[in-house]
Structure formats: structure tokens, C-alpha cells
Amino acid sequence: MENSTDRPMFRLFAYLEKYRFSLWFSSISAVVNKAFDLMPPILTAWIIDSVSHNPPVWIADWFGYTEIRSVIIFLGVLTAIIFLTESFFEWLFQRGFLRLAQNVQHDLRVEAYDKMQKREISFFENERTGNLMSILNNDINQLERFLNSSFYQILHLITLFIFASVSLFLVSPKLAWIGIIPLPFIFIGSMYYQKLISPHYQNIRQKVGALSSRLENNISGIMVVKSFTAEKFEAERVEEASSDYRDANFNAIRFNALYVPLIRILITVGFVSVLVLGSFMIINDTGEITIGALAFFSMMIQRLLWPVTGLGRIFDEYERAKASARRVFKIMDGESEIKDGDEKIDSIKGNLKLENIAFKYEHGESVLKRINLDIKQGQTIGIVGSTGAGKTTLIKLLLRLYDVSEGSISIDGMDIRKMKLENLRRNISLVSQDVYMFHGTIRENICYGTELKSEEEIMAAAQKAELHDFVISLEKGYDSIVGERGIKLSGGQRQRLSIARAILKNAPILILDEATSAVDMETERAIQENLMELAIGKTALVIAHRLSTIRNADEIIVLHQGIVKEQGTHQELIQEKGIYADLWKVQFLRE
Ligand code: DCP
Ligand code: MG
């Protein structure tokens, strides 16, 4: 089947469509620049021939053979013009490709990121984070490098080959053949060298990857390192990773240092042959070439042969860019398996209905087997179940982070798969079990995902979450930085911040997943009173291990082995003498 990433470089250039003009302009400038760059050998030849009273015919036609001084001045001026033009076009193409590469890497990164973040959660569970980061960083940078330099180097090479071979063969086919004898050898040598060196480079990349992930792990786990006094052990592991990296580099350098001297020998063969043979041609007075032509040959042959040494590297860069483009476009082509609905919903009432829903994660047993629930607007539902029973999973289904395997979930009578995802999720406030904070201030974290809120609203939310007093006790108050992942806050403070977030969002459906598990009993009671008030008119789902949290719920359900095992008010469930009653007894006795 034809895949969109089958021809990644084709895709890359199709992507450049937007910058078509800039691409053409820069490419033409690069070609012109190279052509002018190749003029000096010709000019040198002309000057040499002119001073030896043998100027090129077309110049002689202009000035006459006797006007040597004018010819020389003319050639001097021509040389100056050529150098100026060459520099001008160099500036044009360098600037053009730099800008093009920067624009493209920016566009690609932003677009690929946006595509990626729209993917379903299971995509992120299956992909390694490091891998995704590397696509967005390294692969896109690789493409930037390709457009920035490798691409014009290819253009330069093509120009050089055409220009040099045509001019060499025009001047003297015999000498040209001799001069290019080393060419195939250099070509093969360069390819062979690339093949030889590339596993070493791969090895270096692997070793540097291992080293940096070692460092990263150690720095983020510094607390564990210190508390287990494992500094010596870790220092040794870092030393080991670092010396692996050094050795890998040494291995590559060995070949690298040998390559250029070896190639130089081949080039010398071509150069010397041309020089010797050409000189003989002149001495023997065969009239085949002039002294200027010999000078031209000796210069041009070197110019032609040297760049061939870089061919292997350019092919390699091309292959790498191709592999990077393939990965980047694969991300770009990825579609979320959670399909967005079409129905636009402004506001919802909050009647929830779960009909015969079943769910299993991609690889695993069924987590939920047959759940039926009918929750009316304004009700507060407590959800209980042992760890791993599927409580959090149920919430994820409601938010469509995953889609149900069977059955359906509807809100106000509409299947949630029909609603626009944005509308659905905006109508649900979630305080999740694993609170995540972004690096930034407390204020930014409370406001996360909501439109601009006034200072009063933010403070009111913090007050209801019992967070305000703590915040104003800080030197910088709401502008205090929470640190990466909220590391500068305690577990309970993070939870309260996330409750404040949900309160500020003020959606008709409120979900608390173990929202107060890390705060003390007294604070929990205070938060709860505030939440009661807040939850008026809202549908609330409250998951709790601490049963006192949900004691007053309108209805409590007990999830067990994928089904709703018990259902009723606190009193009813106590009388039922089932799982709930047992749990209650244990917790009540303990407290
Ligand atoms: N599971 C899985 N893949 C995931 C997430 C969970 O296979 N990406 C499994 C692990 C559990 C089961 O699903 O066996 C249910 O997980 P939940 O998070 O829904 O469990 P609870 O929320 O009920 O447990 P806890 O009380 O510990 O939060
Ligand atoms: Mg859970």
C-alpha cells in the first residue's frame, strides 16, 4: 500500500511549497555563486597567456594582440567584478537557506507538536517519551541542518561537476581523462569510509544518549540517591558511562584522522600526472595546450577532486534527513483514535447515563465488564472500590480519554461520542488522583486552562480549597513559583491547589478522584463543607478510600470485579452488610 511516508524527502519538498519562491531564489543564487567561484582558474589562465603574448582570441579581437596592457587591466577589472558578484550571491544564498531552514523547522515543530498532542492517551502510553521528544527536537533539527547546508552543498557539487568537466574537456580531452583517473577511486573510497565510520557515529550517539539519560535520572532522583547514600555508586556509574562515550569517540577519531591523508594521496596522483604530462605537451610544442591552460588544469583538477571526498558525508546527511523526515511526517499523519463529535453543546445540565459499558486497556484484562448507572443532575455520587477496581478508568471514559469498548455513556440524553470533545471536557471539572503542576506561579497553576479570571475569583477559589491562608503566608504570595511538577509544594498543598483549579473552572459536572487523600482530617472536613456548597446544582462524582468523605453522598456505588456490586445510601449499604459495611467497620474502628 502506498504510504504517506514512503517518499519522505518528496514530502519535505512538498512541505516547502509555501516557501517556493525563497527556495528557488536561494538555489539559483547558490548555483551562480559556485559558477563564479570557479572563474579564477580561467582568469589566471588568461592572464598568464596574455603576459606571454598569447591572449584568448575573443579578448584579442577586442583589444588587438598588441594591446597587452589594456588586456591585463581588462582582466583585472573582470576578476574584481567576478569576486564581488561571487560574494554577493554567497550572501544571498546563505541568508536565503538560513531563513528557509529556520522557518521550516519552526513550522514543522509547531505543527507536529499540535498533531501529537491531539493523539489519544493510549498513544502516549505506548510511545516512549524520550522518543517523541527526540522527534520534535533532534529529527526536526536534522531537517533544519539539511536545508541549511547539505542541500546547497549538493547544488554546489552538481554545478561543479558540470562546469569543471565541460571546461576541462573543452581545453584538452586528453589531459582531462588523465586528470579524472583518481575520481572513481576517491568516490568509492569516500563511500566506503562513510560505511565504515557510520556505525561508529551511531555508537557515539548511543553512548551520549545513555550518558545523558543517566545524568538526567540521577539529578531528578537526587533525593533517593542522597537518602540511600548512593553517591559513590552513582559517581562510578556516571564515570563508566562517560568513559564509554570517550572510547566511542576515540574509535571514530582513529578512522577520521586517517581518511584525509589517504585521499590526499589519490588527489596527488591526478594532480602530478596532469602537471607532468601537460608540461611535456608544452615542451614538445605540440600546440595542444598553452601555459595558461596548464595552470588552469592544475587548479581545476584539485577543485574537482577535493569535493568528491565529501560525497560520502553528503549522502549520509541525505539519508539521515530522509529518516528524520519519515519520523516527523509519521507524527504529522497520525490521527487520534478518539474521533471528535460534531454536536456543539453550550451548556449541559449534568444528567449522566452509563449503559452496559465495558472496557479493557489495549493489552490486558477487562477492567469494567457491565456498568449501568443513571445519575440525575445535582446528585452527588460516591464511588468506592479496592485499589485497581477501575474507578479512575471510569472517570477517563467519561472524559473520553478512552472510548468504551462496549455500551454507551450519555450526558443529558446525548451520547458523548457525538459531542464536540472540547465542549464535553469543558463541562467537567476534574481533580485527578495524580495532581500535575506546571512550572510557574501558584496563580498560573490555579488559572490553568481557564480564561482570564479576576484576582477576587482566584482568591475565592483558593479559599474554598483551604489554600489561601497558606499562599498568603508565602513571601511572594500568589506569585510564588511551584517548581517543576510542583516540587516546592507538599502533597496536600498540591491537592488543594488542584481543587482550587477545579472550583475556578466551575463546570456542571465535578469529579473528585481521591482529591483529599493527602490532606489531614480537619482540612478535609473544611474543604468538604465548601465543596458541598459548591456542588449545589452540580452533578458530583466523588471517589474516596476514606469513607467518611462520601458518607453524605446521595448514592454510593461499590465497584467490584468490573461491575457495580452494591448501590445505595450510606445507611442502606451498612444494612446490606456487604463489602461497604465491612470497609466501614474497619475504618470506623481504626478512627
Ligand atoms: N490499567 C492499565 N492500563 C492503564 C491504566 C490502568 O492496564 N493505562 C489497569 C491497572 C488496574 C486497572 O487498569 O488493574 C484499573 O485501574 P484504575 O486506575 O482504574 O484503578 P482504580 O482507580 O480503581 O485504583 P486506585 O484506587 O488505586 O486509584
Ligand atoms: Mg484511581
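Student: Which helices each supply at least two residues of the lining of the second largest pocket?
Tutor: In this predicted model, residues are numbered from 1 along each chain. Local features need pLDDT of at least 70, and side-chain atom pairs, on heavy atoms, 80 or more. A pocket is an open set of 1 Å grid points that fit a 1.4 Å probe, with protein on both sides within 12 Å along at least five of seven lines; lining residues have an atom within 4 Å of a point. The helices (DSSP runs of H or I, at least four residues) are α7 (129–171), α9 (182–220), α11 (231–283) and α13 (311–333).

Student: Which helix gives the most to that lining?
Tutor: The pocket holds about 1,400 Å³ of space, and 38 residues line it, with Ser134, Asn138, Asp139, Arg205 and Gln206 closest to its centre. With 15 residues, the top contributor is α9.

Student: How far apart in sequence are the parts that Lys18 and Asp107 tie together?
Tutor: Their side chains meet in a salt bridge (Lys or Arg nitrogen within 4 Å of an Asp or Glu carboxyl oxygen) at 3.0 Å, N to O. Lys18 lies in the loop between α1 (8–15) and α2 (20–37) and Asp107 in helix α5 (68–117), so the separation is 89 residues.

Student: Is Asp107 buried or exposed?
Tutor: Buried means under 20% relative accessible area, exposed over 50%, and partly exposed in between (1.4 Å probe, protein chains only). Lys18, at 63%, counts as exposed. Asp107, at 15%, counts as buried.

Student: Where do Lys174 and Glu288 lie?
Tutor: A salt bridge of 3.4 Å, N to O, joins their side chains. Glu288 lies in the loop between α11 and α12 (291–308), and Lys174 in helix α8 (173–179).

Conventions. Chains lettered and ligands numbered in written order. Points joined across faces, edges and corners; volume = space filled by probe spheres on them.
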